[in-house]
Amino acid sequence: MQNLELYSNRSDEEIAIQAINHALKALRKRHLLEEGAHGPAFLALSKPIASQGSEWKDKAENLELELQQCYKAQARLSEQLVVEVAESRAAKSLVQEKEALIPSLEHDLSQARDECSRLAALLEEKTKALELLIGENKELKSQYEEMSTRASKAEAENKTLVDRWMLQKMQDAERLNEANALYEDMLGKLKASGLEQLARQQVDGVVRQSEEGAEYYVESIIPKTCKHRIPAHGGGCASIVFENSSGKLVSGGQDHTVKMWDSTTGRLSQTYNGCLGSVLDLSITHDNKCIIAASSSNNLYVWDASSGRVRHTLTGHKDKVCAVDVSRSSARHVVSSGYDRTIKVWDLNKGYCVNTIMFPSNCNTLSFSPDGQTIFSGHVDGHLRLWDIQTGKLLSEVAAHSLAVTSISLSRNGNTILTSGRDNLHNLFDTRTLEVWRTLRASENRVASNWSRSCISADNNYVSAGSVDGSVHVWSVSNGNIVSTLKEHTGSVLCCSWSGLGKPLATSDRNGVICMWT
């Protein structure tokens, strides 16, 4: 039994020894293989130390360069990441805001749908009303067509009646013209027969001939005292004129009215309405029956002096009418000038223009000659011109002033014409030769506007003109000296007018005040 155990123990040791030997063989074989595999390494290790250090240095530099590039790339990526994170946060915030707006927008949408429904119902209602109106319009249109047909027939009948009426009016005008011509012929004969007798008559001075016989006026006096100070018009008063052989004064102002005053008492006698613009000039027919006003509304207005009714509205000028005058030989012809560079001759009997004169310079003032056949006109270019009323031809021309002519005043005897200009001079011309025979001036006298009017006294002895400072100067025609300086106005004096009775002298200013001087 013991032998069997020994035998078994011995066999186990052998097996272990064999296993150990087998393992040692395997290790040796592995060792040999590893020596073969590590041969190149041993060869490399056997190279010189200096060459190996150079290669390692190059590798180290390359690796360091790659490391730096990696750091840079990492930095760029980090920045990009930060930007994208910020954008993401902003987008997320925007999304949250939009989501917060969705409920209000849904509410607005609901209200809009309700409003749309309401408007649709209203549209349907309006459509029905429109259909009803269309039906009514068709009916009214048919009625209108019927009425238009009737109106056309009535207009044709009216035109026929107007033509017949105009024909009758022309026939009446021709008969009236024949009567006027006959009357003027008889009057001329009467004047010729009574001229010698009238020349012998004297009433406190001088006698002059008029259409109705003898027109008397006394010798003019030198004005020194303001008798009446009248606030006549709202705004300026640019024109005043006395009636012929009368103490009544007619004035026109910027308040579109024409008024008549009693120069003795200073009281208002009558007001003439109907003018649509500022009154720039006035004239009265020699028989005192009609008052004519030149207006900024491009028209002339003719009133019946006694009744105050508008007799004519003379239209034809294309710009404001700044001057008007009536023939002294006949109440039929009126001449006017406007800033449309025309002078128009009107027939008051017919109520329309009979001749138009055109010229290159605007006319500020004009006056008929005593015989009524020629017209004196003063222009912006400073010239005084003489025109034939029948042909419209320029008869004569003279340079009266260096600046615009503002006023023309003809003497009673027709031998002298007074012109005033913006050069502050007042020239007296001989109407027969158009030569200056006296010039009146004063250092304080300055003409206020392009339509400032000066005047000659009734006896041709004095000249009166207003100034910007409100003063009025009176010159003696015989020696050219100032005989009186009147100071009462507070505004620029625009117009002077002397009564044919010798007194008073009337002046008006830019404030609408009229002063009566004695």
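**View 1. Surroundings of Ser464 in the predicted model.** Ser464 touches Ser454, Cys455, Val472, His473, Val474, Cys496, Trp498 and Leu505, leaving aside residues up to four places away in sequence; a contact means heavy atoms within 4.5 Å. Ser464 belongs to strand 25 (residues 462–466). With a relative accessible area of 0%, Ser464 is buried (under 20% relative accessible area; 1.4 Å probe, protein chains only). This is a predicted model, in which local features need pLDDT of at least 70 and side-chain atom pairs count only at pLDDT 80 or more, while totals for chains, interfaces and linings use all residues. Residues are numbered from 1 along each chain as its sequence is written, and side-chain values use heavy atoms, with hydrogens and water left out.

**View 2. The open sheet 3-30-29-28.** The sheet has 4 strands in the order 3-30-29-28, with antiparallel pairing. Strands are DSSP runs of E with at least two residues, numbered from the N terminus, and two strands pair if DSSP finds at least two bridges between them. Strand 3 (226–231) and strand 28 (493–498) are the edge strands, each pairing on one side only. From one strand to the next, the twist averages 15°.

**View 3. Strand 3 beside strand 30.** Strand 3 and strand 30 (residues 513–517) run antiparallel and are joined by 5 bridges. Arg229 stands opposite Cys515 of strand 30.

**View 4. A nonpolar surface patch.** Ile20, Leu24 and Leu27 make a nonpolar patch of about 280 Å². Patch residues have over 30% relative accessible area and no salt bridge, and nonpolar side chains are joined within 5 Å. A salt bridge is a side-chain nitrogen of Lys or Arg within 4 Å of a carboxyl oxygen of Asp or Glu. Leu27 is found in helix 1 (residues 2–37), helices being DSSP runs of H or I with at least four residues.

Notes: Patches are made of residues with over 30% relative accessible area and no salt bridge: like charges are joined within 9 Å, nonpolar side chains (Val, Leu, Ile, Met, Phe, Trp, Tyr) within 5 Å. Accessible areas come from the Shrake-Rupley method with a 1.4 Å probe; for residues, only the protein chains shown count as cover. Axes are lines fitted to C-alpha atoms, for helices over the stretch in contact, and angles run from 0 to 180 degrees between N-to-C directions. Buried means under 20% relative accessible area, exposed over 50%, partly exposed in between (1.4 Å probe, protein chains only).
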